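The following note sets out points for a colleague who is examining this model.

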Amino acid sequence: MKPNILLIMTDQLRADYLGCYGADWLETPNLDRLAAGGTRFTRCTVNNPICTPSRASIMTGQDLPGHGVYRLHDVLPDGETLFPERLRRDSGYRTALYGKLHVSGRAEEEERRHPQDGFEAYEWCIESCVSMESRFNGYVSWLKDRDPEFLADLKTRQRKVLHHPEEVHFTRWATERTCDYIRERSDSDDPFFCMMSIFDPHNPYEDYPLSMEARVDREKLPVPVVREGDLPAAAEFERQGNYLGSGIGAADIEKMRFGYSASIAFADQEIGKVLDTLEACGVAENTLVIFASDHGDALGDHGMMVKGVALYDPVIRVPLILRWPGHVPADEVCDAPVQAHDIAQSCLAAAGLGDALREPWETSQDLVALVQGRAEPREVTVCAYRNSGINRANTYWDPEMNATAVVGRTHKLIAYTTGAAAEFELFDLVADPRETQNCIDDPKHAEILGFLMKELACWLQREAGGAGSRGGSRIPGADSFMDNSLKGAAAP
């Protein structure tokens, strides 16, 4: 019997801000119970720290050279196929999207669906106050009936509308529509794939309902990581260009971290309703639930904000939880290196399509087979930034900045290039999990450095055969989405 598949995605959620990953300053009981019922992955690396390339990888099952989306505003080529289309076309799944897709730049997606996105029900929204006139915007349609006054205020003031009430929140909309879909499909003989994709806890961190403040212990909020020595030139260039000029101080960072945590607490509450609906409809036992995020958030660690060229764990290590009773071990932890785009092959294999479509997903791994001991774990994962993000002027960086992180079981190598200059960082993730000491010149790490350098060279050689944005790029003009971020610091 083919399982239903529920993919729940957040936006910009780093791994260490959930209770099941060690956070003790906020309440995430529902995601914690999801982890207790399944397997939690501790070393999941995203393919890119920016939304569009990362999500293109997750939804196609390929890394950057495979799908050709490298930057924020790139367009996924029409010839690429999202895995829900494979499920619908080749395995009889009914499919639905509620929320954010973002496999192409938002200017493209607000006007045109990807021809092979695979969704029958398509209620799209990239953020509560963005692309509000798009005919695909399901959140706006919902608000027209739910609270037209709030909708009018949101259209007028956009990101200046703070602390959205629970009953009109983007996350509440996605939750209600997902629960409705589960109820609708629970009596059908056809399996379903449903993607619930919310915007939070993305910056500017201030749309959380005020009711969530009680779920965060401000006194326990972690302070930013301070590193030893200077940042690499590329990271320092980004820090100077985006953040120092914005006047962000310690109080601002604490406010961000509190709002970020409150948004997660609300997301957890709403996800709990979805899990309860699976139970109430009697389909939980035959549903593969996957919880994931597209990238993390620096939140001031290493002097950085949001995400960009600095490929430290707060930005590129994300939570990943799988629950499928009888197939995925319960209350287990997997420390093997896995990658966000493994989600595609995992879903296809669960639907019985793993072998038939193995070649197109050759870089994506079936995580169910991994935790069952039927597949060998990777040695490394790779995260590549290719001038992917934007600066405060809403343009790509000049000179271009590139970085590649090769993450092994115990160490991480990061290679930075700005123009002709190259710099390297090596971190011992066991002895120095906060990545504060660059041990690139320490002879004790020479052997692992050689191994990671070889892996880096192999990946770069493969990338050279297919590098570059292949679907074109659509860059939106300067508007409220770019201009109203907290202190002007953030990219979408």
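1. The radius of gyration is taken here over C-alpha atoms, and the globule rule is 2.2 Å times the number of residues to the power 0.38. For 492 residues, a compact globule would therefore have a value near 23 Å; the chain has 21 Å, which agrees. The model is a predicted one. Along the principal axes, its C-alpha atoms fill a box of roughly 60 × 50 × 45 Å.

2. The chain contains 15 helices and 13 strands. Of its 492 residues, 64% count as buried. Among contacts with a separation of 6 or more, 75% come from residues 24 or more positions apart.

3. In soluble globular proteins, nonpolar side chains tend to be buried together. The largest nonpolar core of this model has 141 residues, of which Met59, Phe83, Leu101, Phe193 and Leu320 touch the most other members. Helix 10 (residues 250–280) gives the most to this core, contributing 13 residues. A second, separate core has 15 residues, including Leu64, Tyr70, Cys439 and Leu456.

4. Helix 2 (residues 51–60) deserves a separate look. This helix is mostly covered, with 10 of its 10 residues buried; among them are Arg55, Ile58 and Met59. Its buried residues pack against strand 1 (4–10), helix 3 (64–67), helix 4 (83–91), strand 5 (192–197), strand 6 (287–293) and helix 12 (342–350). Leaving aside neighbours within four places in sequence, Met59 is in contact with residues including Leu7, Phe83, Leu101, Phe119 and Met195. Gly61, which follows helix 2, has a positive phi near 80 degrees.

5. Ile5 lies in strand 1. Its relative accessibility is 0%, so Ile5 counts as buried. Apart from neighbours within four places in sequence, the contacts of Ile5 are Leu87, Tyr93, Phe192, Phe193, Cys194, Thr287, Leu288 and Cys347. For Ser134, 129 residues away from Ile5 along the chain, the separation of the two C-alpha atoms is 28 Å.

6. Two packed helices are described by the angle between their axes and the distance between the axes. The axes of helix 8 (residues 170–185) and helix 10 come within 9 Å and cross at roughly 5 degrees. Angles under 35 degrees count as roughly parallel, and helix 8 and helix 10 are therefore roughly parallel to each other. Helix 8 takes part in the contact through residues including Thr175, Cys179 and Ile182, and helix 10 through residues including Phe266, Glu270 and Val274. By class, six nonpolar, five polar and four charged residues make up this contact.

7. Most residues other than glycine have a negative phi, and most peptide bonds are trans. Where do cis peptide bonds occur in this chain? One joins Asp200 and Pro201, with omega about 10 degrees; another joins Asn203 and Pro204, with omega about 15 degrees. Pro201 is in the loop between strand 5 and helix 9 (233–242), and Pro204 is also found in the loop between strand 5 and helix 9.

8. Gln12 has phi near 75 degrees and is placed in the loop between strand 1 and helix 1 (29–36). Leu299 has phi near 50 degrees, and its place is in the loop between strand 6 and helix 11 (313–316). Gln12 is buried, with a relative accessible area of 0%; Leu299, at 0% relative accessibility, likewise counts as buried.

Methods
Residues are numbered from 1 along each chain as its sequence is written. This is a predicted model: local features need pLDDT of at least 70, side-chain atom pairs count only at pLDDT 80 or more; totals for chains, interfaces and linings use all residues. Side-chain values use heavy atoms; hydrogens and water are left out. A nonpolar core is a set of buried Ala, Val, Leu, Ile, Met, Phe, Trp, Tyr and Cys residues joined through side-chain atoms within 4.5 Å. Buried means under 20% relative accessible area, exposed over 50%, partly exposed in between (1.4 Å probe, protein chains only). Helices (H or I, at least four residues) and strands (E, at least two) are DSSP runs, numbered from the N terminus. Contact means heavy atoms within 4.5 Å. Axes are lines fitted to C-alpha atoms, for helices over the stretch in contact, and angles run from 0 to 180 degrees between N-to-C directions. Angles under 35 degrees count as roughly parallel, over 145 as roughly antiparallel, 65 to 115 as roughly perpendicular and the rest as oblique. Ala, Val, Leu, Ile, Met, Phe, Trp, Tyr, Cys and Pro count as nonpolar, Asp, Glu, Lys and Arg as charged, and the others, Gly among them, as polar.
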